[in-house]
Amino acid sequence: MRKLLSLCVVVLTLCSATALLAQGPMNSPLPLDPTIRKGVLPNGLTYYIRHNQEPKERASFYIVQNVGALLENDDQNGLAHFLEHMAFNGTENFEGKGILNTLQKHGVEFGRNINAYTAFNETAYNLSEVPTGPKGLVDTCLLVLHDWSNHLLLTEEEIDAERGVISEEWRTRRSAGFRVRQQFFPVLFKGSKYAVRDVIGDYDIINNFDYKTLRDFYHDWYRTDLQCIIIVGDIDVDEVEGKIKEMFTPIPAVEGAKSRPSFEIPSHKETYFVQALDKEMTNTSVTMYKVEKSTANNPSTVVDLRNDMVVNLMNKMLRARIAELLQKGDPPFIHGNISLGSFVRGYDALSVSCGTKPAKEEEGFQAILNEWERAERFGFLESELEREKLNTLSFLESRYKDREKISNDSFCREIQRNYLTGEAVIGIEAEYQLAQAVLPTISVKDVNDLMKRYSTDTNRTVVITGPSEGEKHLTEQEALGMVTAVETANLEPYKDAVSDKPLVDESKINAGTIVSEKELPQFGAKEWTLSNGAKVYYRFADIDKDKISLEGYSWGGLSKIDAIDELPSASLASSFVDNFGAGEFDAITLKKMLTGKRVGVSMRMNDFQELIVANSVPDDFETMMQSLYLKFESPRFDKGAFDALKSRYTAYIASSSNNPNKVKGDSITKITTDYHPRAMNMNPTYVEKLNFDMMKKIYLDRMQDASDFSFVLVGNVKEDEAKGMVCKYIASLSSTNRKEFYVDRKVSFPKENVEKEIALKLETPKTTEYMKFNQYMSDDSKSKMSMDIVESVLRLRFTEKVREEAGGTYGVRVGSRIWSYPKPKATVTISFDCKPDRADELMTIVKAQIDQMVEDGISEDDYNKTVKNIQKNLEQSKNHNSYFTNLLSAYAIKGLDKTDKKNNPEMVLSNLSKKDVEKFARKFFKKAKVVHIEFVPEQ
């Protein structure tokens, strides 16, 4: 195997592109990653097993059914998805909710770790991050997969109970975006089964199908020759393989099995057109699709990998050109994209799309068509291609160096694609080697030829989506006329402006020094005080071998802005300045200068702090530090880029009032802050207040003083190197020795309970219930852990009572947080969507569960499930450099030592009792003020 891969590399390195493609072996199937054990049982079931330790002592278990919504008969529309739900509602060895109850006792959480999805062509189930230590738990997970393969009970009682849950999922998913897809899919997929299936299915069928109809679908399609199981994790591969053979071989193959069809999309010479409009759409987009059969082999070959690289390079170059266009003056569209990629199984699609400004559909569509035509007519430049080759190699090199940190689930998803479509899984080592050899063989001609292959006028569809009221949209004649006319448009070739100047002029940097050093043994870290007053907390960490992170914190933030009218400019200052570039380099030039570098530096502001967030790979550490120095010392203010971005915000927000979710969010913000004038929602008035000079003044004031910053530096960089870079690029930053703190602007929760009903114009009638509890209280670590447990227990209770037993909603959303600034407080937020005539009934259940927690406490079972899950997540968090970043950040910002037994999350959890949490819950819910908003359909 490895000899074959080495041979491929040698051949690829020595041959020209033309000779490479002519070589027979290059069209042979690529070998499977040798670290993966693959087999096929006599009944046709395929299995893959791989040992991996990210995370340690965890494993993920998948079963993939090569079965999806396209296999449904018309009277089964929606039943592939319904069957997916039923897999969690009783199997031969796990009756009722037995799967969830069994796994949750080991900290495996429903939703996050236990989940499934249904698509057009497949259905996949996963049990993720399962602990491998507990005796018999691996066997239990294999038994779950065994039952999912062939032993669903599908009882009438459970089927009827699930109808309500799926009906509410149907209702929740009926957004404006979903409804417009239902309008254009029948045109885009004309003559294909894709045109008449949407996975969630038909509402009447969901609520009225005969039990036998579901069981027939299950018998026909859930069968071993269409299934694979995937196990990746900290397991013994030989042992697991033996158990798979023992457990799954007895499952019988289905006799006289139906042939599993593939699904074609008919070709068409004429260009289709469709307007897909909805009252709740907020913005208009125009897209030209060109759908073609995929040329990829199954299984994949070296040629396929090379072709994929050509496609990716083309997409990146087009994306870069569009990004440049958006930086200039008054850009012709809000956003634009031209890309080629996998569409549905067996088909690729070219998409040429743009989000247009109000009343400017023609201008926007013309501009994006021009960019496609410019690239097709004149081709790409060598400089563009070489840039993206370097970026691609840089990404793969970083992934290769950090290969030990590729997660179990990442491997599972990659293997899943191998099973379903034959996509190559050769391993990151071989992938990186092949890329190093293949990329140099890719020429500008290769990319230009690909462009031309997709420039023919067949299999095209123009789709317009947008508001159905208040805007005039392009007609079919106008849109198709533009597609034809662009071929003769007067266009100039793309010009690639680059700079050969250094990122910073090092002769002008006056390096500082470390004036004091302090050991922080509890963290294995050092605290350095610099000559300009800044502090740096440094820790070497190479758990993630190819990562370095640098974070900076300074008190003040938006709270220091006195004038209300200045808040919009202040709030968006960091986002805008990120788009201005730095020093003498605009954003596009700066990006080109960082070609091949894995570096990110961002300056931000929140309500109470100024923040610097930076990251790099070890090889690019100095470039990251130079970028930080440049952005801090020489922020760039570009009026043209400001105007361009402001015009995009203006266009984006213009029709936002059409969106019920925007109206809900704005209402919640106003009501829960007691209508404080500083709690501003983004709307046309807000955007209109954005002012370039004001933004510049505020940004320069907030980001001028390094002495007020504390930096946390963690990663794979040795101390001597870190010291040198810190002295050169951080100790040299300007300081005014201004010590600041945030200002409490008294933005507070209402002092009395609030009950409010708000009517909304809705295309799909539904009620949204929203409750927020708020209490000003201690932010100590014990309270935070208690709140985490309360949140998780409520989620369990609501899932069981509101979703499963009542069948009233797809899910109750629960969130909690304990805030430290400006005044410590705790909040719990609860919300859900439902059928309007069931809202009162379901709210009664929600309130009853809260009352039960307060009056009767928490069940032992719910408490243990929650604690196990938190313990599991805390253990896993230690396996990344970010664990140390979080420790040092808490110390740098608040002086909080999370290694101390009073603050260490694991120690706090182990010392916490169920009675402690119950006491906390009683105290919180009995004293908390409550905002309850009911969003109802307008009559």
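Modeller: Two strands count as paired if DSSP finds at least two bridges between them; strands (E, at least two residues) and helices (H or I, at least four) are DSSP runs, numbered from the N terminus. This is a predicted model, in which local features need pLDDT of at least 70 and side-chain atom pairs pLDDT 80 or more, whereas totals for chains, interfaces and linings use all residues. Residues are numbered from 1 along each chain as its sequence is written, and side-chain values use heavy atoms, leaving out hydrogens and water.

Biologist: In which sense do strand 7 and strand 11 pair?

Modeller: Strands of a sheet pair through backbone hydrogen bonds, either parallel or antiparallel. Here, strand 7 and strand 11 (residues 460-467) are parallel, with seven bridges; Tyr272, for example, has Thr461 of strand 11 as its bridge partner.

Biologist: In what order do the five strands of the open sheet lie?

Modeller: The order is 7-11-8-10-9, with mixed pairing. Strand 7 (272-278) and strand 9 (335-344) each have a single partner strand, so one side of each lacks a neighbour in the sheet. On average, neighbouring strands are turned by 20 degrees against each other, direction ignored.

Biologist: Which strands does helix 7 touch?

Modeller: Helix 7 (residues 176-188) packs on the sheet and touches strands 7, 8, 9 and 11, a contact being heavy atoms within 4.5 Å. Its direction makes about 165 degrees with that of strand 7; such angles run from 0 to 180 degrees between N-to-C directions, with axes fitted to C-alpha atoms, for helices over the stretch in contact.

Biologist: Is Ala69 buried or exposed?

Modeller: Buried means under 20% relative accessible area, exposed over 50%, and partly exposed in between (1.4 Å probe, protein chains only). Ala69 is buried because its relative accessibility is 0%. Ala69 lies in the loop between strand 3 (58-65) and helix 3 (79-86).
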